[in-house]
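Hello,

Here is the structure I promised to pass on. Please open it alongside this note; my findings follow below.

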Amino acid sequence: MESISSGGSTVITANYGRFRRRMITAVVTLVLLLVGGGIALGVTLGRDDASGTDAAPVPDARLPELGPVDPVLAGLSDGAPAPDADVLTTRLTPLVTGSALGTGATAQVVDVATGEVLFDQQSDAPVTPASTAKLLTAVAALTTLDPSDTLATTVVSGAAPGEVVLVGGGDVTLSRTAPSRTYPGAPTVEDLATQVVAALPAGTPVTRIVVDSSLYTGPLTAGGWGPGDAPSSYAAPITATAVDGARVSPGATARSGQPGLDAGAALADALGAPGATVVLGQAPAGAKTLGTVQSAPVLRQVEQMLSLSDNVLAETLGRQVAIARDEPATFDGAAQAITDAVEEAGIPVADVTLADSSGLSATNSVTAEVLTAIVTGAADGSLGHASGLLAGLPIAGYAGTLADRGDDDPATAPGTVRAKTGTLLGVHALAGTAVTADGRLLAFAVVADDATGGEVAAEGALDEFAAQLAACGC
């Protein structure tokens, strides 16, 4: 496991197991005390199951003393001192300018409480952001859409007997299993099929399923995507209808080259009609609705997009922003809508150029200054609903794409570093927050788009950058 540490000082940990064991022990103790105290556990809580009357209270019953509980995640300290900018510059400059990140690496560190820039290395230079571009998509989604909004997937009647139409609303999390193996809270094909069967006349066989993905238009892949990017283990053609994040099977790594047809086949199986013909097409005008399911809220999808660095989920969220802002539901339309939304949120976008919503395109261009401004604005509350993106940031040593980039020292709490990762060929980035040893919250971004030292060396330098911030009692 890679360690984010500075010298012998541990800065990140995952003591969730210890916390969980303590809570289980407390619960078991509580049960034993209650049973030992003579409390009757009836079928209905608070009632005697023999008489159906209210059970008499037991005067001798006592709740256990649980005592203090160690924090699971790192917290802030009121009045914690800000780091000295000169000290940070001395510690961070060799990392940013060293051989691991190559020439032209850029970075910025900001004190969230005051907005003061504590470290700056060419932060206004445009660079390829890789998946840290998802931070812009998150801001756009949470400020353009209502974070509680959901996306609908609908089945309507077809143009002929035995035909139904699956109409995609952009929810790529629709699950073939209950529950989803990848997206907690996702709707299921089974639920949708149950509604369809109930709405059709009894005994009606389904022989043909049309998949309508017309909500999205334009190319299925973005400019700057390589020929092997879709399908791959990390991306797929972007359509308005998909299941399990366009994966070939639930929980799989590989993505599909035909997400819409896969969704139609999944519906056919759930309807008990695996032999039904599945084709792409459009729903007839005025078709009767047979069933509808809703996605998890936009806020939850943003969190999942960031934590998993899910490119397919990012692209569909970008399309929803485009639709809400009256732009075409295409890669270009989403890119324009995201840029406009970020600018309206108060982030300068003069040096921002986007070709997609996920950061997969090699032609995207963002600055470390913009990334740090987004994290700072989310952390200090000035970006409104965009503060919700912080919950989706991977947690070093604990969750998401930083789960294996931490340590396991039980003496400290995880959550010291929370940041969005970014990786393309020759591109390595990290942007998020760090809590110093004194309890001060810092926002930071480091982007190297000309790294030649290999992934391990580059990620090691990024991790050490974050470690220096977290270890700073300076």
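**Pockets, strands and one buried threonine**

Strand S10 gives the most to the lining of the largest pocket, with four residues. Bear in mind that this is a predicted model.

Some more on that pocket. Its space comes to about 550 Å³. The lining counts 23 residues. Nearest the centre of the largest pocket lie Tyr234, Leu308, Ser309, Asn311 and Thr401. Two elements give two or more residues to this lining: strand S10 (417-424) and helix H10 (455-470). By class, the lining of the largest pocket holds 10 polar, eight charged and five nonpolar residues.

Now the second largest pocket. About 250 Å³ of space lies there. Its lining is made of 20 residues. Ser213, Leu220, Thr239, Gly260 and Leu280 are the ones nearest the centre of the second largest pocket. Strand S7 (208-212) and helix H5 (259-270) each supply at least two residues of the lining. Helix H5 has the largest share, three residues.

Next, the strands around S5. Strand S5 covers residues 152-157 and pairs with strand S9, residues 289-294. The sense is antiparallel, over five bridges. Ala152 has Gln294 in S9 as its bridge partner. S5 also pairs with strand S6, residues 163-167. That pairing is antiparallel too, with four bridges. Here Val156 stands opposite Val165 in S6. S5 and S6 form a hairpin with five residues between the strands. In this hairpin, look at Gly162: its phi is positive, near 85°.

Is Thr137 buried or exposed? Its relative accessible area is 1%, under the 20% cut-off, so Thr137 counts as buried. Which residues does Thr137 touch, leaving aside those up to four places away in sequence? They are Met305, Ala314, Leu317, Gly318, Ile338 and Ser357.

Send me any questions once you have had a look.

Best wishes

Methods: Residues numbered from 1 in each chain as written. Predicted model: local features only at pLDDT ≥ 70, side-chain atom pairs only at ≥ 80, totals over all residues. Heavy atoms only, no water. 1 Å grid on protein atoms, 1.4 Å probe; cavity = no way out; pocket = protein on both sides within 12 Å on 5 of 7 lines; lining within 4 Å. Points joined across faces, edges and corners; volume = space filled by probe spheres on them. Nonpolar A, V, L, I, M, F, W, Y, C, P; charged D, E, K, R; others polar. Pairing = 2+ DSSP bridges. Buried < 20%, exposed > 50% of the residue type's maximum accessible area, 1.4 Å probe, protein only. Contact = heavy atoms within 4.5 Å.
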